[in-house]
Amino acid sequence: MALSPLRLLLGLATLALTGLLSALLYRHGPVQLAEMVVYQLPVDVAYTWDKYTSSLTTFLASVTATKEEEIIHCYDHPITTSFASDRTEEEQGNCLGVDPSTGLITRVFPSKGEENKRKGYVLPGLWDGHGHLLQYGEFLHGVDLFGARSKEEVTARIKKYLESRKGEGGVGSRGNWVRGVGWDQGLLREGMPTADWLSDDEELRDKFFMLDRVDVHCTWVSQAVLDLIDIDKLPGEVPGGQIVREPGMGVFCDNAMDIVTGLWPKPNAAQKKKFVGSAMRELNKVGLVGMHDAGVLPRDIDLYEEMVKKDKEEWTVRVYAMVECPERNTFCPEVARKVDLEGGWLRVGSVKLFADGALGSWGSAMIDPYSDRPSTSGSLLVNASTLHSLALSWAKAKYQVNIHAIGDLANRHAIDSLATALDDLEVCPYGIPPMMCQQISCRFRIEHAQIIHPNDQARMRELGIIPSIQPTHATSDMAYAEERLGKERIAREAYRMRSMWDVGPPVLGSDFPVEPPNPFEGVYAAVTRKSPHTGIGPPGWEGGWYKEQEGLSVRQAFDGFTRGPAYAAFWEKKAGVIREGGFADWVVMDEDVLKVGEEEIRFLKVRETWVAGKKVYSRDGVDEPAVEKQTGAKEDL
């Protein structure tokens with residue numbers, strides 16, 4: 001007698017469950033399996049419910065709520081709905097509908113007529129996968145030292161800044177230090193700066209300055225700041241840091257920065273809100289609708305949440321924030337908390353840890369010594385066992401773990417730590433393979449992933465660990481990286497992009513304010529491997545620094561600034577694409593970004609930026625046809 005379809009399905013399901021149970025018993029044994037079911041299953045059910053209930057609530061609300069008028073936006077060219085390799089925009093259409101009550105896209109469709117078409121080429125809203133929101137806002141209100149080439153140029157820029165702030169009073173005083181960022185001893189004619197540089201100028205003498213290096217891993221202070229410290233009692237060495245004493249005092253790097261930052265009068269809430277507003281306006285100008293904020297203190301997350309709820313008009317960029325404990329590289333569940341605000345404006349579910357410093361100040365931790373300074377291999381900011389413990393503790397607390405790692409030793413320790421977490425039964429229970437667990441629920445990342453031994457590159461692929469890469473770091477560092485690391489290490493380990501694509505798409509970003517936030521400069525750097533500022537590569541690499549080996553296609557690079565960050569933020573169906581039910585975030589360009597020449601990418605300018613269906617940026621003089629509104633039935637235009 002033939003089996004009914006229902007009995008057949010039940011039989012197959014029973015067979016599958018029996019096989020799974022057998023595999024679990026084989027791997028864990030009966031006692032451990034019983035403990036998992038009794039103790040871990042309720043935790044995982046609660047976590048899953050907590051993780052997805054907000055999205056479910058939002059979805060149900062959007063379905064049951066009384067719909068406002070659907071707003072239709074049509075353009076005179078097909079909409080690029082995604083940078084995935086299998087998308088064909090012509091099949092999608094040139095119009096999109098927006099529900100203004102939710103800020104979500106209701107549909108994408110082709111128009112039937114010629115009326116009310118806006119000019120321009122539409123693409124998904126761009127994301128920066130690694131930036132620093134508050135620091136960028138502070139930079140916009142501080143001294144810009146990027147590209148300065150001499151002591152005289154530095155002092156001239158500081159004086160110009162002080163003149164612009166003359167009416168405020170108290171700038172440079174004990175309670176209001178002058179802040180700035182961007183100096184690089186490799187560019188300065190005189191080399192490493194000292195406190196004396198500032199004291200030598202009568203106008204600057206006795207003022208309080210704290211000026212960060214280009215990579216924000218060192219800070220340079222004035223004599224007035226040094227006078228607050230008992231220099232004779234400073235330690236000879238700082239674990240994971242450096243007090244630069246030659247050619248003179250004034251510069252503190254990595255963990256040693258705590259000596260002076262602890263004395264710095266922090267900005268108040270009103271100043272921070274001003275910084276955030278300024279930063280978001282600038283980000284919108286270059287087409288950024290979202291960013292991953294790579295290291296936010298718990299008190300600043302509170303400020304962000306307050307701004308989203310009370311200052312909605314100022315909050316025009318979606319933020320996926322990584323918690324950074326008040327004491328760096330610690331486990332602080334008592335002050336850290338997850339946030340997932342309705343509408344997708346702020347999400348906090350990850351943590352930022354730091355394995356090492358930066359390459360420019362010889363602070364990135366290397367397996368072998370630096371080629372241009374054989375006496376050092378850099379420094380770890382935390383030892384391997386502590387990093388393992390921290391990664392596991394945060395992973396067990398259900399946080400995405402993101403580790404800053406630049407040198408190949410730091411990257412090895414980071415991969416070891418994340419692999420250990422993925423092998424833990426509280427993190428990945430029920431026999432789930434580590435790579436599947438990584439893809440479904442963990443999505444651990446390495447921030448920068450800059451210099452990685454080939455063996456460790458293979459381990460990243462095996463585990464699916466996400467590389468978070470900044471293409472303009474490669475083009476900024478290419479002037480000195482080969483001298484610092486040697487040709488062999490550069491060729492096999494450093495600044496991988498194309499060779500890491502099979503993990504991804506990787507997360508691409510800028511690390512602003514270390515680099516400018518303009519994503520088109522990042523795309524240009526990823527594609528051509530040349531400087532977006534000059535359009536040229538280093539000597540001997542005029543066609544692009546390792547372009548043939550590591551350069552991305554234009555589509556891949558834009559994918560890294562859209563779908564890559566969306567996936568890493570668990571927003572792959574909401575952000576980085578234009579689709580029904582997704583965030584109504586898009587950018588309007590004057591040209592088709594996939595068809596312009598490679599050399600033109602760095603010059604691209606944004607026409608309009610839209611977030612949650614609202615225009616947050618428009619170039620002056622751009623024409624604005626009226627939009628169509630519809631209620632009830634949706635009729636194609």
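How many residues lie between strand 11 and strand 12 in their hairpin, and which residue in the turn has a positive phi? Six residues lie between the two strands, and Gly250 is the one in the turn with a positive phi, of about 145°. Before you select anything, note that this is a predicted model, in which local features need pLDDT of at least 70 and side-chain atom pairs count only at pLDDT 80 or more, while totals for chains, interfaces and linings use all residues. Residues are numbered from 1 along each chain as its sequence is written, and side-chain values use heavy atoms, with hydrogens and water left out.

Helices (H or I, at least four residues) and strands (E, at least two) are DSSP runs numbered from the N terminus, and two strands pair if DSSP finds at least two bridges between them.

Next select residues 218-221 for strand 10 and residues 251-254 for strand 12, an antiparallel pair joined by three bridges; here Trp220 stands opposite Val251. Now widen the view to the open sheet of six strands, whose order is 7-8-9-10-12-11 and whose pairing is mixed. Strand 7 (143-144) and strand 11 each have a single partner strand and stand at the edges, so one side of each is left without a neighbour in the sheet.

Move on to an open sheet of four strands in the order 5-21-22-23, with antiparallel pairing. Its edges are strand 5 (121-124) and strand 23 (614-618), each with a single partner strand, so one side of each has no neighbour in the sheet. From one strand to the next the twist averages 25°, where axes are lines fitted to C-alpha atoms, for helices over the stretch in contact, and angles run from 0 to 180 degrees between N-to-C directions. Inside this sheet, select residues 586-589 (strand 21) and 606-611 (strand 22), which four bridges join, and find Val587 with its bridge partner Thr609.
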